[in-house]
Every structure is written in structure tokens, then in C-alpha cells.
Amino acid sequence: MAKPKTVMLVTREMQARCFAEEDLARIDAATDLRPASVEDMTEDAQQAQIAGAEVAITGWGSKSINDAMLAAAPGLKLVCHAAGSVKGIVGEAFQERGIRVSSARAALAVGVAEFAFGMMLVSMKGVWQLHVATLAGTWDRTPGDPWIREPYGATVGIVGASCVGREMIRLCKTLRLAAILLYDPYVAPEQAESMGVELVALDELMRRSDVVSLHTPKTDETHHIINGDNLALMRDGAIFINTARGACVDEPALIAELRKGRILACLDVTDPEPPEAGNPLYALPNCILTPHVAGAVRQNCRRQGKLVADEIEAYVSGRPIEHEVDLNRHHHLA
């Protein structure tokens, strides 16, 4: 029996970045793999590459799999996205044709949550303020005192039980916190209980939390979910972390709140990226700005390739695909 044809709809650079040789070998052993063959993934290149495929691997730079591409691959059964959001890749025709989709967002989530967790811990120790003081030759804890709030007995609020949000919850449970609060309108009380978190309204979470970490997808519902009204509810000395999407935050409102000096923000994402020259976020002393490094960098990328190889092996052997995307909930996803 012929092995299913698998095609890489990514560039050579992305294949090398995300797929270790052993994972490529696993995919090739389970299927008839056509590796990446182009330096720039154009629509024409993708159209040619997808012809006759049963399994397609997409990622950063892949084009939307349109009707013409689907016509070239009438036997397409599975698309494994070696990245997070599948919104730019799949369309309504996928459900009509019964094409299954898998996403590596769970692999990406680990690194993003680890980054958010680390930013939380160093921020709660006043590291940013103390670093500035020591650079100026001052060996004194005083500059950090207003910001220091140990994790012990603190309350952390998680906005969004996404893959990243759930991984952040898991990490937070290693600390002796007073409470982990969760806001997510799609999580039922019994689900929150099983996660060991307290399900609350967003305003309550903003009011009670010493740290607020944002992990929502970018959707119409979450546009500016963090805004002037709920930022004003945050405690003095509280920390706001955004590793999700910049558009989920009303940036002018955040800047206005930061200018009061009450809270500290750690922002790995902005809207737009990068911020325009002269944006106050570059200069505010209580804003820690990083250039979207939380997720897929260096070794973390290999997690994505491993997950894709796992998914393809499961598909070929008839086992459940662990990270399948529910296309019925497509509009709620990142």
C-alpha cells in the first residue's frame, strides 16, 4: 500500500528552523515526504508543491490554501500547521471537504508562558528598577522597594485560558500564591475548578490581582479588552504582562495609565509592531518593552516540528490527533 504523500508548504529556511533531522526522518518514514524546495513561498510555488498531497505542512510564510490549490490536491485530508494561528491558512471549504487541521500552538505556548512567568518573577522583585540603580553605581534596594511584591501570598490574574494561558496557570501553581484568578467567558465553572483557578469577571480580576497576564486570541471580541476603564482598577504597584496581541490592549489608555506611575507593564507585543518612532512606550521607565521574542525563537521552534511529526504519525496509524483544531470554533481562535 502506497504511503500518503506529504508536502512541505514552507520555505527551506523555515523547514531548517523548525524541523530537526530526526523529525523529518520520522515524517518520511510514515509518509512519502516532499521536503521544502523554495526560498520564497509564493502562491504559484505552493500551488505546484501541493499537487496530489494527502498531508500538507504549513507554517510562517505559507499562503492561504485556496480553491485552486484544493483542486490540485483533491485527496487532501490533513493540514499540519507548524505555527500558531491557522486563520490565514484555512477557509470554509475545509469543513465542507472534511479536511482536518492541526496546529502547533501548544508547542509555541510553552515558550510564551515561560517568558511571561519569568517577566512576572523579575518584575515582582523590582529587578528593572534595581538594574537602573546599579548601572548608575548605586548599591541600594530602595529604588526597587515600591515595586517588590513577592509571589508568596500574591494573586495572579490570567486573562484567557488559551494554550498559553493554561500553561501559565500550570507554572503559577508551582508558587505559593494566595489565588489564581481566571477570566474567560468560554470556560465553565467546573472546568475552572479542575484547573485549580477561581473564575471571575474581568473587572474583578483587574481589581484583585497583583499581576495580570494577558493570553487572549485576537478576535473582534477581544479588541481592546484591556482598556482605560479596567486598567484604572488595577492596584498601585501591580504588574501587567502582554505576550498575546497588541490589538487586545487600548494602547493610548495604557500609556495614560503608565504615565501616572502606578503600575508596571511588560509588553512583548504592540499594535503596530514595532511601535512608531517617538512612541512613549520606548521611554516610560515603568514599561519593559521587548521585540516579540516570547515564543518561537531558537530551540523553541524545534518543539513545533516535533509536534507536527507526532501528529502525522498519529494520523497515519489511525490514532487520535492530539492538537486538532475545531473549525467550528475558528472565529474564537487566535
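How many salt bridges does a search of the whole structure find? The search finds 17 salt bridges. Before meeting some of them, please keep in mind that this is a predicted model. Let us walk through the strands and helices, and then return to the charged pairs.

You can find one spot to look at where Val7 stands opposite Ala56 in E3.

Four of its five residues are buried, so strand E7 is largely enclosed by the rest of the structure.

Strand E7 has a parallel partner in strand E6 (residues 155–159), with five bridges between them. Here Thr155 stands opposite Ala179 in E7. Together with helix H8 (residues 163–172), E6 and E7 make a right-handed β-α-β unit.

Strand E7 is also joined by two bridges to strand E8 (residues 198–199), and these two run parallel. Leu181 has Glu198 in E8 as its bridge partner. Another right-handed β-α-β unit is made by E7, helix H9 (residues 189–195) and E8.

## A look at Asp140

Asp140 sits in the loop between helix H7 (127–135) and E6. With a relative accessible area of 37%, Asp140 is partly exposed. Its side chain makes a polar contact of 2.8 Å with the side chain of Thr142. Asp140 and Lys5, by contrast, are 64 Å apart in space, C-alpha to C-alpha, and 135 residues apart in sequence.

## Back to the salt bridges

Side chains of opposite charge can pair when their charged atoms come close. Here are some of the pairs found in this model.

| Salt bridge | N to O distance |
|---|---|
| Arg26 and Asp310 | 2.3 Å |
| Arg208 and Glu204 | 2.8 Å |
| Asp236 and Arg262 | 2.6 Å |

What does the pair Arg26 and Asp310 tie together? Arg26 lies in helix H2 and Asp310 in helix H13 (residues 299–317), so this pair ties together parts that are 284 residues apart in sequence. Asp310 counts as partly exposed, at 29% relative accessibility. Both residues also belong to a network of salt bridges that links Asp23, Arg26, Lys306, Asp310 and Glu313.

Arg208 and Glu204 are both in helix H10 (residues 202–208); because they are four residues apart there, about one helical turn separates them. Arg208 counts as partly exposed at 26% relative accessibility, and Glu204 counts as partly exposed at 30%.

The pair of Asp236 and Arg262 links distant parts of the chain, 26 residues apart. Asp236 is in the loop between helix H11 (228–231) and strand E10 (239–242), while Arg262 is in the loop between helix H12 (251–259) and strand E11 (264–267).

Terms used: Residues are numbered from 1 along each chain as its sequence is written. This is a predicted model: local features need pLDDT of at least 70, side-chain atom pairs count only at pLDDT 80 or more; totals for chains, interfaces and linings use all residues. Side-chain values use heavy atoms; hydrogens and water are left out. Two strands pair if DSSP finds at least two bridges between them. Buried means under 20% relative accessible area, exposed over 50%, partly exposed in between (1.4 Å probe, protein chains only). A crossover is right-handed if, with the strands pointing away from the viewer, the path from the first strand over the helix to the second runs clockwise. A polar contact is a pair of N or O atoms within 3.5 Å; within protein, one must be able to donate a hydrogen and the other to accept it, and residues adjacent in sequence count only if both atoms are side-chain atoms. A salt bridge is a side-chain nitrogen of Lys or Arg within 4 Å of a carboxyl oxygen of Asp or Glu.
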